[in-house]
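Please look through the sequence and the model below before reading on. The paragraphs after them go from one chain to the pair.

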Protein chains: 2
Amino acid sequence: MPDTIPEDSIGLVTPQTSHFDTPLILDCGRELPEYDLIYETYGKLNADHSNAVLICHALSSDHHAAGYHSMEDRKPGWWESCIGPGKPIDTNRFFVVCPNNLGGCKGSTGPTTPNPKTGKRYGPDFPIVTVGDWVRSQARLADLLGIERWAAVIGGSLGGMQALQWAIDFPERLSHSIIIAAAPKLSAQNIAFNEVARQAIMSDPDFHEGRYYEHDTVPRRGLMLARMLGHITYLSDESMRKKFGRELREGKINFGFDVEFQVESYLRYQGRSFVDRFDANTYLLMTKALDYFDPASCCNGDLAAALKPVQAHFLVVSFTSDWRFAPARSREIVKALTDGDNPVAYAEVEAHQGHDAFLMPIPQYIKLFGAYMNRVAEEIG
Amino acid sequence: MPDTIPEDSIGLVTPQTSHFDTPLILDCGRELPEYDLIYETYGKLNADHSNAVLICHALSSDHHAAGYHSMEDRKPGWWESCIGPGKPIDTNRFFVVCPNNLGGCKGSTGPTTPNPKTGKRYGPDFPIVTVGDWVRSQARLADLLGIERWAAVIGGSLGGMQALQWAIDFPERLSHSIIIAAAPKLSAQNIAFNEVARQAIMSDPDFHEGRYYEHDTVPRRGLMLARMLGHITYLSDESMRKKFGRELREGKINFGFDVEFQVESYLRYQGRSFVDRFDANTYLLMTKALDYFDPASCCNGDLAAALKPVQAHFLVVSFTSDWRFAPARSREIVKALTDGDNPVAYAEVEAHQGHDAFLMPIPQYIKLFGAYMNRVAEEIG
């Protein structure tokens, strides 16, 4: 817990929830008759509503992107390094909106919220949502907030995919799309990791085909395994070496199956603490949204063709040691954009932190991100 | 099943088992009072016993390295591509010995065999064995077979680690050490993958702390997950892309959690079939042997110092797309050897198959491996 909140933090923040009662038709063909979105906003919307930016979150994060919920919070929001006064997404200049996605477990309608038809939690009956569905639901939130056009839509990882989809689906509603540590679609290896995570959850006897709430349990083991595995893909081999090396927790080998190496201890801790703050059905949904994301599928795999409608300017950022979505994957997006003569800036940031680098205050990254956002702010005037 | 056995196969083979009743003191401090080793041999031992080569197996393989057990066998041994008449390990010239390691589940003493003290299966009471323990048990097998000195000790992956350990522990008992797709020790990331696999097995409610035999069950789910995860690390991103791409099994997205992408189908199949042929306690032991392997630990991490005693000549081979034990890891071995003025040949083979490449008939690999083994055979005369 911060004794005092740091000067460069947005400070104490409070989420808000909006209810939407117009049915939302989803890509899977089903509809959500009504739904809630929980979101946080930071900074002030200007008079002509031109300074709003949308933050899209990744697999396991949520609407709490910056600041603290109380003086007792041990940690700030997940993108505190990039959002706040004087930071790249400068809350003195921008009105920042960050919703929890549909299907989430932090307050937006999802598997853990009641199905209005039955009064019971949706659980596995919650429809599989796509990046396109999220973008449509976020557009309705924009309508509600009186935001006709975002100054920028910004996201890392799965969030970057939403920023890309926004540019395709609502070309007139954003000036800039900022896509960080993302890919235009998952590789077979990416899907394979997701599948192992899903199998870990779904084969847990406490999963009960997704109806574990009714059995008053949660698939702890499966969700823990999924998170441990995820963590390996978020870190680089090098960052793991720097962080843990082959260090032994007790200085010597014990010839047993308890924790021996520091990296084992770290992974088990990460796995365990995740179970207390995340829902297994939501995890399943998020991995499916990732697997399905493939905007080029409309056009026989031709991403440049899929990007024809876009009008936004783009910033694409990748990190050298990211092996989940390697720089080559970002360059695919850049190439498709340049093939279509779309304005795009691309930066490949030298970083040893792997995929997680997009969350870190890496000087080169913060500097170039800040410089780009400064131009976005200057355009607003 | 082969209608006829291919001409370049060693053909029908039969394993043998030898019993050892002198206790073996293990690195963990415990001893095995007696034990069996099952092994296969191919080719003929020459008059002066100088043409014997030892094949060391990797994590999930065994003594059945080449040939067929019966005309009904669907598949030959695991290294059929490299062992046989006219192949790199030419059975017309070499007497090839391949044992199943201690702790294994294919006939050598391990968790699934009875503990002579109790009459019940060892299960989790089987001691954790190390690469050094295996090498000592293999040296006893050499004694039994009348092999004073191996023409070569050869292995891929965990097998390559045994070939390295042999050169350190019994410098006078081998002329050549051939280390393929290996590493001088695991990285933190390698250990992390092993730890997720172990947690998958150990958290399976059917594991019963390793005493699942007594409960008449096996931790199927956990072992399946461990194997699925292993498979991802054996293949390269590129080989997965070539093999599966993002192809959908039914040609379209179904918005459900059944198998959709071909890669999911492949992984589930690999996981399921593994459960029928492998033991979970053995899997745990093998991952620990990998984690503990670190010959340089004797010398403050100085591998060149650890390699001081070696007298063998070395061939080290790596594969460009292997990310489990990348070429850089092989080069660490090569550097330590050259620092100590040990004779070493090194080849980095261009291959898209990832770690599994060491099992494949890749022309460049087969050619250089064969050329090296030809020199080994010529030395024998």
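The model is predicted. For chain A the average pLDDT is 96, and 99% of the residues score at least 70. For the complex, the predictor reports an ipTM of 0.95 and a pTM of 0.96.

Chain A is built from ten helices and twelve strands. Its radius of gyration is 21 Å, close to the 21 Å that the globule rule gives for 381 residues, so chain A is as compact as a globular protein of that length. Along the principal axes, the C-alpha atoms of chain A fill a box of roughly 65 × 50 × 50 Å. Of the 381 residues in chain A, 56% are buried.

The next matter is how the two chains are arranged.

How many residues of each chain take part in the contact between them? On the side of chain B there are 39 residues, in contact with 39 residues of chain A. The elements of chain B that give two or more residues to this side are α3 (188-202), α4 (220-234), α5 (237-243), α6 (262-275) and α7. The largest share, eleven residues, comes from α3(B).

One of these elements, α7 of chain B, can be checked for length. This helix covers residues 280-292, and at 1.5 Å a residue its 13 residues should span 18 Å; the end C-alpha atoms are 19 Å apart, which agrees. Is α7(B) mostly buried or exposed? Of its 13 residues, 13 are buried, so α7(B) is largely enclosed by the rest of the structure.

The last topic is the nonpolar interior. In soluble globular proteins, nonpolar side chains tend to be buried together. Here the largest nonpolar core has 242 residues, and the members that touch the most others are A:V53, A:V196, B:V53 and B:V196. Beyond its neighbours within four places in sequence, A:V53 is in contact with A:I89, A:F94, A:V96, A:W150, A:A151, A:A152 and A:I154.

Terms used
Residues numbered from 1 in each chain as written. Chains lettered and ligands numbered in written order. Predicted model: local features only at pLDDT ≥ 70, side-chain atom pairs only at ≥ 80, totals over all residues. Helix = DSSP H or I, 4+ residues; strand = E, 2+ residues; numbered from the N terminus. Rg over C-alpha atoms; globule rule 2.2 N^0.38 Å. Buried ≥ 20, exposed ≤ 12 C-beta atoms within 10 Å, placed from the backbone. Core = buried A, V, L, I, M, F, W, Y, C linked by C-beta atoms within 7 Å. Contact = placed C-beta atoms within 7 Å. Expected span 1.5 Å × (residues − 1). pLDDT = per-residue confidence, 0-100.
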